[in-house]
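Biologist: I have a chain to read and would like a guided tour. Where do we start?

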Amino acid sequence: MSRARAVLEACSRTALARLLSMFCILAVFVPSFFMVGWTAAFCSAVAGVGFAMIASYLLSSTLVPVFATWFMKEAHSGEKREGAFGRLNAFYGRYLGAVLRFRWPLVVVYLATSFGLLYVLARLGTEIFPDVNSALYRIRMRAPVGTRIEETERILLRALDIIRRDAGPGNVAITSDFMGLQPSSYPVNLITCSLPGHRKPSSKWR
């Protein structure tokens, strides 16, 4: 058959396999539509892989066959090894011949590597995100609009007292917080720091 007819026949024979492969990958992202919170944000960030798979399938069914028809040299009888594709085919044939001569050592190496990976993977963590320092808490507080910075400081100090009381004596190592709005001309927010042993934090205004 002609080159274009051969490319079309090959594309039609692999269309269903490529479509099923794409659906298998897209199925991974179906649960992301039912997630909420940070898990939904995380999955939506990597959902671009699904769009890449759809684009890949469309290109492999349209543009790739056209390029294959342009770039592949049509071989005649006795000329199957001509052209870039023919040379690649010949190299792959020689490569397979060399590999198959050492097939048993390769099988041993493959099995040893596989069992080694299974031994290592069995001892790796399975959580999505690694454990973090659970002793660190971040709390965002918002006072009513128009509250003066001094009143905001008093609200913040009361919140710190509640945290110290609930955590117990000696369990709060350091507290730091930012208050107010950051001016456009300053890279540092208004900050109040409390060190161990000080009931009332010292204030620094910038």
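Modeller: With contacts: a contact means heavy atoms within 4.5 Å. In this chain, residues 24 or more positions apart account for 44% of the contacts with a separation of 6 or more. The model is predicted, so local features need pLDDT of at least 70, side-chain atom pairs count only at pLDDT 80 or more, and totals for chains, interfaces and linings use all residues. Residues are numbered from 1 along each chain as its sequence is written, and side-chain values use heavy atoms, with hydrogens and water left out.

Biologist: How many helices and strands are in the chain?

Modeller: Helices (H or I, at least four residues) and strands (E, at least two) are DSSP runs, numbered from the N terminus. The chain has 7 helices and 3 strands. Their pattern along the sequence is α-α-α-α-α-α-α-β-β-β.

Biologist: At what angle do helix α1 and helix α3 pack?

Modeller: Axes are lines fitted to C-alpha atoms, for helices over the stretch in contact, and angles run from 0 to 180 degrees between N-to-C directions. Helix α1 (residues 3-26) and helix α3 (residues 48-61) pack at about 175 degrees, axes 10 Å apart. Angles over 145 count as roughly antiparallel, so α1 and α3 are roughly antiparallel to each other. Residues in the contact include C11 and M22 of α1 and M53 and Y57 of α3.

Biologist: Is C11 buried or exposed?

Modeller: Buried means under 20% relative accessible area, exposed over 50%, partly exposed in between (1.4 Å probe, protein chains only). C11 is buried because its relative accessibility is 14%. C24, at 56%, is exposed. Of the chain's 206 residues, 15% count as buried.

Key:
Parallel < 35°, antiparallel > 145°, perpendicular 65-115°, else oblique.
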